[in-house]
Amino acid sequence: MESIRQAYRDLCQRYGVDKVDVAVRSSATAEDLPDASFAGQQETFLNIRGEEELLDACRHCYASMFTDRAISYRQETGYDHMHVALSVGVQKMVRSDKASAGVMFSIDTESGFPDAAIVSGSWGLGENVVQGAVTPDQFIVYKPLLDRPHLQPIIDKSKGSKEKKMVYATEGSKTVKNINTTGKEREAYVLNDAEILQLARWAVAIESHYQKPMDIEWAKDGETGDLFIVQARPETVQSQKSASTLKAFKLKEKGNLLLTGLSVGEAIASGKVCRVLSVADIDKVEDGSVLVTEMTDPDWVPIMKRVAGIVTDYGGRTCHAAIVSRELGIPAIVGTGDGTRTLKDGQEVTISCAEGDEGKIYQGLLEFETVNVNLDDIPETRTQIMMNIASPSAAFQWWRLPAHGIGLARMEFIINSIIKIHPMALVHYDELKDRAAWKQIRDMTKGYQDKRHYFVDKLALGIAKIAASQYPNPVIVRMSDFKTNEYANLIGGQQFEPKEENPMLGFRGASRYYSDRYREGFALECQAIKRVREFIGFDNVIIMIPFCRTLEEADKVMQVLASNGLKRGENGLQVYVMCEIPANVVLAEQFADRFDGFSIGSNDLTQLTLGVDRDSGELAHLFDERNPAVKWMIQHLIKTAKAKGRKVGICGQGPSDFPDFATFLVELGIDSMSLNPDSVIQVKRRVAEREASLRE
């Protein structure tokens with residue numbers, strides 16, 4: 001004990017105070033291992049001052065080796081109770097109670113994508129983030145571009161609610177306390193971009209030192225502004241998974257959406273809700289139920305492994321519930337906000353973490369399937385097999401697939417699901433006639449004086465996350481292709497859209513980009529692309545222009561692109577065109593002079609070649625990409641494109657659905673096929689077989 005006292009006196013002398021504030025942290029040999037973490041197994045004490053408080057905290061750390069939860073965990077994992085050692089570390093407190101703190105991982109915790117660093121944080125001491133007592137901010141950084149100082153490869157920024165913060169207690173027996181955050185704190189990010197990038201660089205350095213993915217705690221000192229790393233341990237879930245298999249879950253039916261939150265894991269589970277608000281009532285939890293609670297801590301672990309899934313009101317992807325559910329292999333949806341209020345005891349629900357970053361809770365026991373994909377012995381193909389990806393949140397999910405990039409990333413999906421506001425309503429925000437839309441936009445864009453920047457920021461981050469998942473392979477981003485009725489349904493959209501009898505053949509695609517009705521909105525799309533390529537760093541992004549009807553229209557679009565800083569050929573920029581109108585085929589040679597490549601949109605091309613509404617149930621028997629007229633169109637285009645030295649691919653559904661259609665495309669020498677991710681392996685094998693037979 002005297003050595004502890006003396007070390008504390010030396011620390012006080014170093015900082016020039018009588019009683020320096022310290023953290024007393026335990027570290028045991030049965031925690032923080034490569035194959036076992038069990039977050040929070042032993043105790044930690046914060047803001048400890050004075051020799052007697054320090055000694056008492058040390059005793060409690062040692063005693064925490066034999067709490068019920070620690071004994072239960074060792075029993076479960078097979079560790080001998082008498083062969084576990086524990087040390088106690090004493091550190092000068094970082095004054096993050098006056099700033100922020102949190103956790104970061106050097107790997108994506110949900111998908112195992114190795115090139116992402118995930119940083120999460122909240123105001124005050126970091127204990128709230130670890131415990132899941134708050135929903136923190138989250139940032140994702142693309143690691144391979146961090147060594148280029150002129151780039152800022154932040155690919156995702158998500159603002160948490162951060163309802164409270166832990167600070168020093170000045171009265172009573174407790175050393176820390178929670179207080180409510182201010183409205184200004186909840187609306188602000190806890191880190192600026194330079195700090196996010198600095199932490200990510202440290203994550204890379206720590207991972208490099210230990211030669212494995214790492215789970216790291218950080219803190220910012222509010223008195224000095226300095227950042228600190230306070231703990232690092234191996235990541236215990238994704239790093240242990242086999243690289244040769246991919247397990248995918250898929251809902252087979254739709255249900256009524258009840259609630260959303262942050263998804264943890266990539267699985268689906270269903271069961272009856274078991275709503276428990278206190279650890280004192282955990283004996284009520286039934287096996288196979290869906291546990292719904294405000295938050296979990298280590299005392300909950302014995303029952304967490306018995307449930308089908310977990311839903312919490314608070315927490316982020318680095319909270320206790322998230323870490324433990326990953327280790328146990330069960331899906332969890334954290335940070336729902338009001339799960340305990342919305343979901344009722346005994347209610348049948350399905351929780352889905354298989355649809356990207358957003359976890360979804362549906363009414364009823366929905367049918368779903370599990371697919372195990374073997375990634376061993378996948379043949380190489382001359383034909384590039386690419387993927388269609390709409391959602392940024394789903395991009396990382398498929399990184400293990402042997403694809404050659406993304407052949408279709410739909411910009412309108414990002415606008416519709418993430419931005420939700422009509423771009424012209426942001427450009428002309430002060431002129432909006434719809435008062436309700438004006439208020440909604442005001443609330444959604446807090447922190448943005450210029451509302452246009454909201455659109456550019458959100459769109460750029462969405463595209464960047466998709467591009468990161470395949471870098472440096474090409475990612476073809478289709479500029480917006482909403483129809484007028486779809487645009488009108490965006491917030492504030494009614495004021496800016498004409499009424500059309502047939503929007504499918506109306507004011508869509510290229511015709512919008514140079515029109516005075518939408519030119520300013522298209523400029524925002526261009527700014528987002530320019531930011532992704534030149535500021536964030538993803539020069540693998542290729543632009544694709546949809547529904548380009550005439551050569552004159554193509555020339556006008558190229559002029560508008562150039563006027564917005566996106567000139568074809570500069571900084572390696574390529575511009576493709578969708579081939580979905582018979583005119584694109586008839587004039588393919590001239591279109592090839594204006595674009596770097598073609599992407600066949602076989603759905604629209606079939607519709608317009610055969611004169612069949614693709615959405616008509618009555619005419620469904622006539623809609624077939626394999627019709628001789630459609631095949632002639634595709635054959636003519638590929639032949640012409642190749643003669644002009646242009647790339648040509650297909651991003652329609654045909655190759656996924658019809659093996660003979662995929663074979664037909666291979667025989668024509670198509671450069672690429674872009675498929676739904678769940679079709680990649682089977683089509684790749686089919687293409688390899690046909691390519692081999694053609695060589696014989």
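This is a predicted model: local features need pLDDT of at least 70, side-chain atom pairs count only at pLDDT 80 or more; totals for chains, interfaces and linings use all residues.
Residues are numbered from 1 along each chain as its sequence is written, and side-chain values use heavy atoms, with hydrogens and water left out.

**Helices α1 and α2**

Select residues 2-15 for α1 and 51-63 for α2; the two helices pack at about 130°, with axes 10 Å apart. Helices here are DSSP runs of H or I with at least four residues, strands are E runs of at least two, and both are numbered from the N terminus. The axes are lines fitted to C-alpha atoms, for helices over the stretch in contact, and angles run from 0 to 180 degrees between N-to-C directions. That makes the pair oblique (under 35 degrees is roughly parallel, over 145 roughly antiparallel, 65 to 115 roughly perpendicular, and the rest oblique).

Now show the side chains: α1 brings Ile4, Arg5, Tyr8 and Arg9, while α2 brings Glu51, Glu52, Leu54, Leu55 and Cys58. Contact means heavy atoms within 4.5 Å.

**Asp215**

Next, jump to Asp215 in strand β10, residues 214-220. Buried or exposed? Asp215 is buried, at 4% relative accessible area (buried is under 20%, exposed over 50%, partly exposed in between, using a 1.4 Å probe and protein chains only). Leaving out neighbours within four places in sequence, Asp215 contacts Val103, Met104, Phe105, Gln231, Ala232, Arg233, Pro234 and Glu235.

**Val575**

Move on to Val575, found in strand β25 (575-579). Val575 is buried too, with a relative accessibility of 0%. Its contacts beyond four places in sequence include Ile543, Ile545, Met558 and Leu561, as well as Phe595.

**Arg626**

Last stop: Arg626, in the loop between α21 (602-610) and α22 (628-643). At 29% relative accessibility, Arg626 is partly exposed. Which residues does Arg626 touch, not counting those up to four places away in sequence? Pick out Lys631, Phe658, Asp660 and Phe661. With Asp660 there is a side chain to side chain polar contact at 3.5 Å (a pair of N or O atoms within 3.5 Å; within protein, one must be able to donate a hydrogen and the other to accept it, and residues adjacent in sequence count only if both atoms are side-chain atoms). Finally, the C-alpha of Arg626 lies 8.9 Å from that of Thr606, 20 residues away along the chain.
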